[in-house]
Amino acid sequence: MNNESLVLFFIVAVALVGLAVGFSMIIPPKSTNPVKSEPYECGIETQGTTWVQFNVGYYLFAIIYLIFDVETVFVFPWAVVMNPIGPDGVLRNANGMRSFVEILIFFFVLGLGLIYAWKKGALKWQ
Amino acid sequence: MGYQKYDLAPLTHSIDQYLYSHLSSTWAFLAEMTLIGVVFLIFYAVIGLYLVLAERKVCAFMQNRIGPNRVGWYGVLQTIADLFKLLLKELITIRKADKLLFNIAPFIVIIASFLGIAAIPFAMGLHAIDFNIGIFYIMAVSSVGVVGILIAGWSSNNKYSLIGAMRSGAQIVSYELSVGLSLLVIVIYSGTLQLSTLVESQADGWWIIKGHIPAILAFFVFVTAGTAETNRGPFDLAEAESELTAGFHTEYSGIKFAFFFLAEYMNMFLVASVAATVFLGGWMPLHIPGLEGFNNAMDFIPPIVWYFGKTAFVIFLMMWIKWTFPRLRIDQLLNLEWKYLLPINLVNIVVVALIVLMGWYIK
């Protein structure tokens, strides 16, 4: 199968949910009353609106995550060619030492960033 | 090698050729696509339903109960009965919920897990899509699910849902790093991202054996981070029943709720499959270099049995973890990732790079 068939899996997934939800919207009996459409919270009427501004305690985590996630993307191509011997058992990267030193420098800078964030208290839950 | 006698590629090719020789190329293409779509749909639904049942049974035995045993023999039809019950339940959309996003959310979580399953090699020659960036693709696609969870929580107009979704977002986003970095260890060893090549490279021993200490460490980090990424206990803060009723899917009813449940279990299956494929050799039988008789005996077990056996083992491990440990607090959860797993992973990768450079692993 070629890679375009990914579209097929997308269509099948949409069809799975769409058909089941469609069936469920038509067949089952329906009834409505004002209490039924209240949010399920404590059993009593809910207070205030839901969509308020609130303190997202992991805002800093999200920023650090972004850095490390981009870093993971950068490390993937390196990881594929790091091993001097390829998956077919043939020597393909004679200059393995250079790749190793490169990743040492890369991770050193990255580690400094992590230590900095740690010392600044960005990794502490407030 | 002996395992090649179970190669399923001739079978799939013969079906392909049969269709193309009996139908015009457009119709043959459509028939083939329909066939694959239907097979995957049934596979997806059956695996999802039986994972729910397996979870309930494992949980029951760990708590010294019997578990579902009324519908069918040993309760084997229980989840199918549940599915039909949920299909026949009314879909409730609560007042003031954001209707469009509320309806879109189940689609996104299902699409994310379904696309991930598409790239898994189930047996030799039984592989729907064999990308040359397989591992990367699975990571990329499965992380789309968090968008669905956030949309579901936000659009529900329920405070529990919103808090659950936000927690879930922080958790999935954090643990994704560890998932990626622990898979990198094996990528460095094998030098490929393609899942079929990765499995073939384990013909003389699985990577967890060949890669010794770093690979074992990476396996445990992967299982921990994978458990957290699928929102399972002891990391199930997003749907901590005692505080948030059901977290982000509190307001969903009937079949929409079922889809969130299904997606959660299929994500677990996906994590277990990736763990089995990358670390435990996928469909590759257990081979020990030098022991010809043993290797030949192992080759008699078909690859598909090996694949499902290993996946079932990892799934059982995850269930065992869930039913053994108490739930973590949010700060403990984030500490575990940022102060333990991430530094361990970074050091592990440097160590693996050195090992590979020096050739200290079992080739």
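How many of the eleven residues of helix α6 (residues 145–155) of chain B are buried? Ten of them are, which leaves α6(B) mostly covered. The model described here is predicted.

**Helix α6 of chain B**

The buried residues of α6(B) are B:G145, B:V146, B:G148, B:I149, B:L150, B:I151, B:A152, B:G153, B:W154 and B:S155. Their cover includes four helices of chain B, namely α4 (99–117), α5 (134–142), α7 and α12 (254–278). After α6(B) comes B:N157, and the phi of B:N157 is positive, near 55°.

**Chain A**

Chain A holds three helices and zero strands. Read from the N terminus, its elements follow the order α-α-α. Chain A has 126 residues, and 17% of them count as buried.

**The contact of chains A and B**

Chain A brings 53 residues to the contact, and chain B brings 64 residues. On the side of chain A that touches chain B, the elements giving two or more residues are α1 (6–26), α2 (59–82) and α3 (96–120) of chain A. The largest share of that side, 14 residues, is supplied by α1(A). Sorted by class, the side of chain A that touches chain B consists of 38 nonpolar, ten polar and five charged residues.

**Two helix pairs that involve α7 of chain B**

Two packed helices are described by the angle between their axes and the distance between the axes. Helix α7 (residues 159–190) of chain B is paired below with helix α15 (residues 330–358) of chain B, and also with α2(A).

| Helix pair | Axes come within | Crossing angle |
|---|---|---|
| α7(B) and α15(B) | 9 Å | roughly 15° |
| α2(A) and α7(B) | 10 Å | roughly 15° |

Why is α7(B) described as roughly parallel to α15(B)? The axes of α7(B) and α15(B) cross at roughly 15°, and angles under 35 degrees count as roughly parallel. That angle makes α7(B) roughly parallel to α15(B). The crossing of α7(B) and α15(B) is left-handed. The contact of α7(B) with α15(B) has 17 nonpolar, six polar and two charged residues.

The axes of α2(A) and α7(B) also cross at roughly 15°, and these helices are therefore roughly parallel to each other. Their crossing is left-handed. On the α2(A) side, the residues that meet α7(B) are A:F61, A:A62, A:Y65, A:F68, A:D69, A:T72, A:V75, A:A79, A:V80 and A:M82. On the α7(B) side, they are B:A170, B:V173, B:S174, B:L177, B:G180, B:L181, B:L184, B:V187 and B:I188. By class, the contact of α2(A) with α7(B) comprises 15 nonpolar residues, three polar and one charged.

B:H212 is a residue other than glycine with a positive phi, near 25°. B:H212 is part of helix α10 (residues 212–229) of chain B. Is B:H212 buried or partly exposed? B:H212 has 14 C-beta neighbours inside 10 Å and so counts as partly exposed, since a residue is buried if 20 or more other C-beta atoms lie within 10 Å of its own.

B:N231, also a residue other than glycine, has a positive phi near 60°. In chain B, the loop between α10 and α11 (241–244) contains B:N231. B:N231 counts as buried because it has 25 C-beta neighbours inside 10 Å.

Conventions
Residues numbered from 1 in each chain as written. Chains lettered and ligands numbered in written order. Predicted model: local features only at pLDDT ≥ 70, side-chain atom pairs only at ≥ 80, totals over all residues. Contact = placed C-beta atoms within 7 Å. Nonpolar A, V, L, I, M, F, W, Y, C, P; charged D, E, K, R; others polar. Axes fitted to C-alpha atoms, helices over the stretch in contact; angles between N-to-C directions. Parallel < 35°, antiparallel > 145°, perpendicular 65-115°, else oblique. Left-handed = near helix turned anticlockwise from the far one by under 90°. Buried ≥ 20, exposed ≤ 12 C-beta atoms within 10 Å, placed from the backbone.
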